[in-house]
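Here are a few notes to read alongside the model. Have the sequence handy as you go.

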Amino acid sequence: MHRIPEKIHELTVGQLSARSGAAVSALHFYESKGLIRSRRTPGNQRRYTRDTLRRVAFIRAAQRVGIPLATIREALAELPEERTPTRDDWARLSEAWRSELDERIRQLNRLRDHLTDCIGCGCLSLEGCVLSNPDDVFGERLTGSRLMTESRKKGSGD
Ligand code: FES
């Protein structure tokens, strides 16, 4: 990893990329989404303040746990005077995001379990397939293919 001398207060996009590990295209994307900012030199080149490094680290850490960019942007926008997130900010936000992550893991586990019933089925029924209709209450009681089997039995008079 490249070290930036302390006396340098601004970074080029290449330096920011090398130091943060984020691709230049990702940095441009973050900037287009308002997550980081730069100033332009007279030659129209981007310059980032040093604290952008920490901001990028914050963004990448949040992205790694699946936090959407819009949520990250909201969190950054709530910081006073758009300051760079501190250690305390990260501790507070990561705690709040943990419950979201737990919920997503729970949903994914449930979908993975139901995928077993879909393998070899192919119905994708809104009524019977939990993966087609994940919020359906049937999904809490029966898996899709079993539900389809039971409704077919009822329909055939068995
Ligand atoms: S494809 Fe999911 S239950 Fe048939």
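1. Let's start with a pair of helices. In this predicted model, helix 3 and helix 4 are oblique to each other, because their axes cross at roughly 140 degrees and an angle has to be over 145 to count as roughly antiparallel. Those axes come within 10 Å, and the crossing is right-handed.

2. Now for who touches whom. Helix 3 brings Arg55, Phe58, Ile59, Ala62 and Gln63 to this contact, and helix 4 answers with Leu69, Ile72 and Leu76. By class, that makes 6 nonpolar residues, 1 polar and 1 charged.

3. Helix 3 also meets helix 5, which covers residues 87-118. Here the axes come within 12 Å and cross at roughly 15 degrees, so the two helices are roughly parallel. Helix 3 passes helix 5 in a right-handed crossing.

4. Which residues of helix 3 meet helix 5? They are Arg54, Phe58, Ala61 and Ala62, and their partners in helix 5 are Arg87, Trp90, Leu93 and Trp97.

5. Last, the largest pocket, with about 350 Å³ of space. Leu35, Ile36, Arg37, Arg55 and Glu82 are the closest to its centre, out of 20 lining residues. Strand 3 (46-49), helix 3 (52-64) and helix 4 (69-77) each give two or more residues to the lining. As for class, the lining has 10 charged, 5 polar and 5 nonpolar residues.

How values were computed
Residues numbered from 1 in each chain as written. Predicted model: local features only at pLDDT ≥ 70, side-chain atom pairs only at ≥ 80, totals over all residues. Heavy atoms only, no water. 1 Å grid on protein atoms, 1.4 Å probe; cavity = no way out; pocket = protein on both sides within 12 Å on 5 of 7 lines; lining within 4 Å. Points joined across faces, edges and corners; volume = space filled by probe spheres on them. Helix = DSSP H or I, 4+ residues; strand = E, 2+ residues; numbered from the N terminus. Nonpolar A, V, L, I, M, F, W, Y, C, P; charged D, E, K, R; others polar. Axes fitted to C-alpha atoms, helices over the stretch in contact; angles between N-to-C directions. Parallel < 35°, antiparallel > 145°, perpendicular 65-115°, else oblique. Left-handed = near helix turned anticlockwise from the far one by under 90°. Contact = heavy atoms within 4.5 Å.
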